[in-house]
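Subject: Structure handover

Hello,

Here is the structure for you to look over. My notes follow below.

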Amino acid sequence: MPLSPARQDVLVATALDDSARGPARRAHLTLPDASAADVHKAWLELMALRPGLAIGVDWSQAQPALVHTGIAPPFLRDDDPAADERAADEEARSAIPTEQAAALGRLVWSDATREAVLTYHPLLLDELGAHLLLSDLAALVRGERPVDRPDDLALRPDPAEQAEATDFWRRSLADVDGVTPLFPDPPARSGHEPGTVRVALSAPVTVAVRELATSAHSCKLRVVAAAWASVVARFRGEPLAVIGLSVDTRPAALRACLSPFERTLPTPVRLDDSPAAAWIAELSEWMEQARAHGQLPGAVLHELSGAERGPALYDSVVDARDDGSVPAPEPAGPALVVGVEDDGATLTLVARYAPEVTDAEQVGRLLRATAAVLAGAAAAPDTPMSRLPLVDASEWAALNAHNDTAVEHPRETCLHGHVEDQVDRTPDRPALVHEGESMSYAELDRAANRLAHHLIDLGVRPDTIVGLCAEPGFELNIAILAILKAGGAYAPLDPSFPPDRLAYLAEDLDCPVVLVQRHLVGLLPRARNPVVLDEPQAWAHHPSDRPHTAVAPDNLAYVMYTSGSTGRPKGVLVQHGGAVNFVWWISRLYELRPDEAALQWTAYSFDAAVWELFWPLFVGARAVLAPPRLHLDLNRFTELIRTERVATLHFVPAMLQTFLTAEDAAACTSLRFVFASGEPIPPTLAERFHATLDADLINLYGVTEVSIDTTFHVVPRERGLPFVRSGRPMNNETTYVLDRHLAPVPFGARGEVYIGGASVTRGYHGRPGLTADRFLPDPFAGGGARLYRTGDVATLLPDGNLHFLGRSDHQVKVRGIRIELHEVEAEIAAHPGVRECLVVPWGDGSERSLAGYIVPRTDDLDVTELRAFLSARMPGYMVPTSISLLSAFPLGHTGKIDRKALPAPRRSIDERLTAGVAPRTDTERGVAQIWQEVLRVPSVGVLDDFFAVGGNSLLATRVIAAVRSRFGVRLPLRTWLESSAVADLAAAIDRYREGEESVAALVAEVADLAEDEVPEPGR
């Protein structure tokens, strides 16, 4: 007899189960007036009436099938010491019943409690079937004949109904091109006891939800399922989500059937701006249609979507079965099951969850958000479903607590004003150091004053943008101060820029005055009023006192260009006030001593260079001006840090990786504060930093459009961090994680980062439309305040830190699966032989895949071994198809990786050499033989993919069953479902056997010890 769709799903699910709990279910019946003899007699009569319960699985056919075994579930007493009870229990709990000589259930009677406990494999019964069977038992105990029950075993699928169902699901799943997880990257499940969280609706909200269900021609369970689905979509930060819907698919003629018909169906939802009541009604109608078309196996449904193979399209399930108790999450199934308890007066949302994947706090947030959506939809049914609030006033207060950052600072002083104050305090102290020479605060002030007077004569006024083209040195920094003193704003025209970019910037800015060094004049042939910086005699006649201008903190200080989505960079107009706020914050939180220095080595076309210069000048320390291309000579780099007693410097993470490879990096003991920004810090990099240096590592996050940086996080000295936090807001800054309607999302939900506060800049130069699109009125502050929409995706953690997840350009799809490139990079970086890595997408359409670039620690990194390492840590579709080994990454002038200079991706030599390789070991030969038998093919290679050559999830259960029989190991299907080659499965078998042999050897060794040699516990 062929397996029904529900039984096929059970078989696949149990094959995925690698926990110790097994698939056994239990149902209870109390019979206070019955004796063991009464129940035993009734049970035997019942088994005679229900021969369909004496079944097993036949693995000898092309597909697994049911067979009548004649072995019915036995009756046992709980005080019976018979050994067969234990055997029956173990068989009922085993993932895949491979022996037809064992029953799929048993009934145990307790004289003490007068309770019958039915233990059954889900291949035999579902929850409703178990309760129906126990009701039949109760009838027989009372002396009544149980009702006749239909038998589905001889039922054959109707081709027309199958075709109709196939069409329904193909249309329904057309937009599902990948898994849509609520909990990305869950850890391995270890079978811990599930947790439970309850959130009760108030009595008025319960009444309103019931009325909403009635008006939507639905029921409470489907309304809750719809609300949950909308919450999942909004927590994921995407309009499309898939949840599981647990339903009973019994047709009307089989309502009283014992066989399993309970299914979990993939339920895709697309959240839009439809009115809540209409959206819920439409989804409820779809759910009923899905239940009616529930005769296709789960594996077929998965194949009808555009997703790659995998255990499930969802990781949360709503139990929409009538009168079903909310089940615990299956060890190999979705991590969260949501249901409803109804006591008549109130509805209570109940969630049972896997503690390895999430925790009670996060589950509570999800349930409270669902309750908020239910209350909102019931109170305002015409409100768009996507706009219903997810948080109430108390949760909003918690979400906003980290924004209590208001701190007084000198708001009336510009950047150069703070430097002038320090000049007055310490005029003779060295301010700048470059190539062994120094310039005092007074000398710097006088030189900048003379040039400022000259610029004023040339027409520079507040908000005049002055071009600046110079190489690192005294002249560059004198020019920066002079432009600010004249009231103008400097715009870096970095001579290291490619000619096309430099020409574009000069044209876009059209500066009335340009400061340039003599040997660089040719780079700017169309510059107006060029002032040659290295010919100071042209303004030597000007006074050295400070000019008086009307410049104020709201005036521009500089213009920084950043990459644009159109391919053309855009200039950000930065005011004094925002830049002062940052430098004041960093100079007060991280104190530089007078004898210490900050290394000013970031290109002045990037805003980190602003604080590298002004932080030391605010507090009387030294700014050490690095020579050009310092990063290319690590020995010179570390020597400069040591000799100049540099206490702080800034890196992008890629350059920090390189710096830590310097032989004497650990000798840079003067370093106390090292800042990293621009890219996420890999946890492995943080560990390496702390193993090398005794300094603090501070992660900064920000965007050019909000002066310099916005959040900070001191990376703890811990091993095994899952990620490095992006930080909490600095003084007078605010951060929000919002949805597309600018509504706050709960802790842990994905959203877009918006930044507000004192450092939001004026906008983009000459781009009023783009400025209006990205700089928005701040709905939380009012008073003309603005928010900047960053385009960055993050979650807000309960401690107020942001967890940066990436941007849309860091999220790619490979074969329909969404992949965060940072996630792949983190796994590669975990390999001990990898020093640095970068992953990029390459190819188009079905040929799209990932390319990995790796700088190894040594020359002997084995790419084949690296692939095996990665295959054991992540799905095969995430392992780069091209791996290129480089001696070093090409770096741009900013120290970031120059992606355009990377070599073209290529498939690895190892991959070409091993294609079609025959089995090489006894284990590989044994696995290959099983494949040939199951797939009915003449031969297979060790790298052939099971699913690519005709396998499916159901056939995979046959492979696992045969492996258990032939090799004597209990491997879960999950171990190779996502990386399913002969070599993968053989390697897993060998690893399991080696572990078993190690344990056996240890047991034998302990058994041979003399009694006095056995260690005492705790020693």
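Is R250 buried or exposed? R250 is buried, because its relative accessible area is 1%, under the 20% cut-off. Bear in mind that this is a predicted model.

Salt bridges

R250 does have a charged partner. It forms a salt bridge with D248, and the closest N and O atoms lie 2.9 Å apart. D248 counts as buried too, at 18% relative accessibility.

The structure holds 47 salt bridges. Two others to look at:

- E596 and R593 pair through their side chains, at 3.0 Å from N to O. E596 counts as buried, at 5% relative accessibility. R593 counts as partly exposed, at 39%.
- E924 and R920 also meet in a salt bridge, at 3.0 Å from N to O. E924 is buried, with a relative accessible area of 7%. R920 is partly exposed, at 49%.

Salt bridges link E420, D424, D445, K485 and R546.

Strand β8

A241 sits in strand β8, which covers residues 240-248. D248 is the salt-bridge partner of R250. Why does A241 count as buried? Its relative accessible area is 0%, and buried means under 20%, so A241 qualifies.

What does A241 touch, leaving aside its neighbours within four places in sequence? The contacts are T180, V232, A233, R236, T267, P268 and V269. R270 is 29 residues from A241 in sequence, and the two C-alpha atoms are 6.6 Å apart in space.

Helix α5

Q162 belongs to helix α5, residues 159-172. Q162 is partly exposed, with a relative accessible area of 24%. Leaving aside neighbours within four places in sequence, Q162 is in contact with P157, Q295 and L296. Take the pair Q162 and Q295: 133 residues separate them along the chain, while their C-alpha atoms are separated by 7.3 Å.

Surface charge

Which residues gather in a patch of negative charge on the surface? They are D859, D860, D862 and E865. D859 lies in the loop between β37 (849-856) and α23 (863-871). D859 is exposed, because its relative accessible area is 84%, over the 50% cut-off.

In brief: start with R250 and D248 for a salt bridge, with R250 buried and D248 buried. Then go to D859 for an exposed residue in the negative patch.

Best regards

Conventions:
Residues are numbered from 1 along each chain as its sequence is written. This is a predicted model: local features need pLDDT of at least 70, side-chain atom pairs count only at pLDDT 80 or more; totals for chains, interfaces and linings use all residues. Side-chain values use heavy atoms; hydrogens and water are left out. Patches are made of residues with over 30% relative accessible area and no salt bridge: like charges are joined within 9 Å, nonpolar side chains (Val, Leu, Ile, Met, Phe, Trp, Tyr) within 5 Å. Accessible areas come from the Shrake-Rupley method with a 1.4 Å probe; for residues, only the protein chains shown count as cover. A salt bridge is a side-chain nitrogen of Lys or Arg within 4 Å of a carboxyl oxygen of Asp or Glu. Lys and Arg count as positive and Asp and Glu as negative; His and the chain ends are not counted. The place of a charge is taken as NZ of Lys, CZ of Arg, CG of Asp or CD of Glu. Helices (H or I, at least four residues) and strands (E, at least two) are DSSP runs, numbered from the N terminus. Buried means under 20% relative accessible area, exposed over 50%, partly exposed in between (1.4 Å probe, protein chains only). Contact means heavy atoms within 4.5 Å.
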